[in-house]
Amino acid sequence: MKNCEYQQIDARALGTPASSFQPCTEMKVPRLRRKWEVFPGKNRFYCDGRIILARQSGILPLTLGLIVVTSVLFFAFDCPFLVTHLTVCIPVIGGVLFLFVVISLLQTSLTDPGILPRALPDEAADIEKQIYTSGSSMYRPPPRTKEILINQQVVKLKYCFTCKMFRPPRTSHCSLCDNCVERFDHHCPWVGNCVGKRNYRFFYSFIVSLSFHTSFIFGCVVTHLTLRTYEVILLHQKESPARYPFHIICFFSIWSVLGLSGFHTYLVASNLTTNEDIKGSWSSKRGAEDSGNPYTYNSIFINCCATLCGPMPPSLIDRRGFLPPDDIPPVAAADLELSSFLAKNDTNMVGMPSSGHTS
Amino acid sequence: MLEYWRNRWGGWNTSGETEFHNLQELRHSASLATKVFIQRDYSEGTVCRFQTKFPSELDSRIERTLLEDTVKTLNTYYAEAEKMGGQSYMEGCLACATAYIIFLCMETHYEKVLKKISGYIQEQNEKIYAPRGLLLTDPIERGMRVMEVSVFEDRGSSGSSLSSSATSGGSAQR
């Protein structure tokens, strides 16, 4: 009787009780999910995990908008004049720089900055065990730092309570993205993403090319104005002052971008991150002789090459990998049980009249 | 060509799926007893190196030299991947000149070495670790933080008492 009730529920759920085993297992097996769908950090994913963005895209649309509008105005108003008066190379150079800027910006925003995946439960438990057996568990919470030697210099590794692991050196947890990022530089709202190990070179090429682009545009605009002024004075032509506010915006933005490029050039040359520079981790103010930067190669050229031209590390979060099918075996086992029940009940149904007959 | 694009955009877990099959095969005849983690060695900076110190929990399961050789070989592979030499500089400069678009089309040197590493780990698992009831997990699947060694208790063994924890197994040997 219990079997009969079970069969009725199954018939309604599955719809075709007399069908073979294959379709039942196919209907019950859940779609394999990709790892980006269960990613714990505050990131957004597009194109089935191929593109990654921070949750707060910040003012990335504004950045893109400013760059595009400025460049379009430049091409529309200044280029025709300068092509006729100077050379046709000007829009070509402007176009190449504009493309470089936009591509670098998009790569900085849409690339995984070097996110460290969170520790799995087994690993976290192993680390906790090591902390508590190291004898420092008298006070709660225990001091969760670990000191290691890097190039004969003591470096403290902090324990990340969110990611449940000791952060590797130069790694920091970004509260906006809720991820630990390797070689964390800073979270840039203009770009809408963290700047870390994997996208620092894109960020650097973005700000350097943007400096060149804005300087180039400003130079062309000044040339244009100068030539126009001569024409107005000498040829008594009409002047159009409508574009002056745009030139003033350009002028002020140049200095901030140039300043940022200069600052990051200094950081690259000394193999520092913004985070370390702001915190003064390796400054000589501490007084100790050996509190220098343990990561520097003591050569500006090698530091630059290492940061900008070094090997490109892979993304560690494997957004498009499939989750291990841990929940499939129990479901498959239930399917086998269901199908065996169905088989039994079919024979029962067939056999019932005959058993009725015999009884 | 299609295969290249599928591998390029499909993530690096293609060999990981094979590992899951191996793991499931092991699970049919064995149950997971414990996991031992080999941590990273940061004494030379942020380059990827794993500690060659032998974990005491594996004393009874595998010879010291075998595991140390595996770890040392992996360390040389990672050093090769992160080596800053002529090839990586050329790759970097070429990428910079093309606004890094070639990273979308080309497999980097690092990725090539990672494929070699996963092949090596699979081979080591088949030859050395699976017969001893152990399984090495590729560090890339753990974010390059640890090398996970899964220790299995062999349910299908002929009554010789491999106890559930490796430490008591070790003490039994003594």
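This is a predicted model: local features need pLDDT of at least 70, side-chain atom pairs count only at pLDDT 80 or more; totals for chains, interfaces and linings use all residues.
Residues are numbered from 1 along each chain as its sequence is written, chains are lettered from A and ligands numbered from 1 in the order in which they are written, and side-chain values use heavy atoms, with hydrogens and water left out.

Let's start with chain A. Helices (H or I, at least four residues) and strands (E, at least two) are DSSP runs, numbered from the N terminus. In chain A, 3 strands make an open sheet in the order E4-E5-E6, with antiparallel pairing. Its edge strands are E4 and E6 (165-166), each of which pairs on one side only. Two strands count as paired if DSSP finds at least two bridges between them; E4 (residues 145-150) and E5 (residues 153-160) of chain A have 6 bridges. E4(A) and E5(A) form a hairpin with 2 residues between them, and A:Asn151 in the turn has a positive phi of about 50°.

Now turn to the interface. Taking contact as heavy atoms within 4.5 Å, 39 residues of chain B touch 43 residues of chain A. Together the two chains bury about 3,500 Å², 64% of it on carbon and sulfur atoms; buried area here is the accessible area (1.4 Å probe) that two parts lose on being put together, summed over both. B:Tyr42, B:Tyr100 and B:Arg145 supply 19% of the area that chain B buries against chain A, more than any other three residues.

What about charged pairs? A salt bridge is a side-chain nitrogen of Lys or Arg within 4 Å of a carboxyl oxygen of Asp or Glu, and there are 2 between chain B and chain A. B:Lys35 forms a salt bridge with A:Asp122, their closest N and O atoms being 2.7 Å apart.

Finally, consider which elements of chain B line this side. Those giving two or more residues are helix H2 (14-29), strand E1 (30-39), helix H4 (86-97) and helix H6 (109-129). H4(B) gives the most, with 6 residues.
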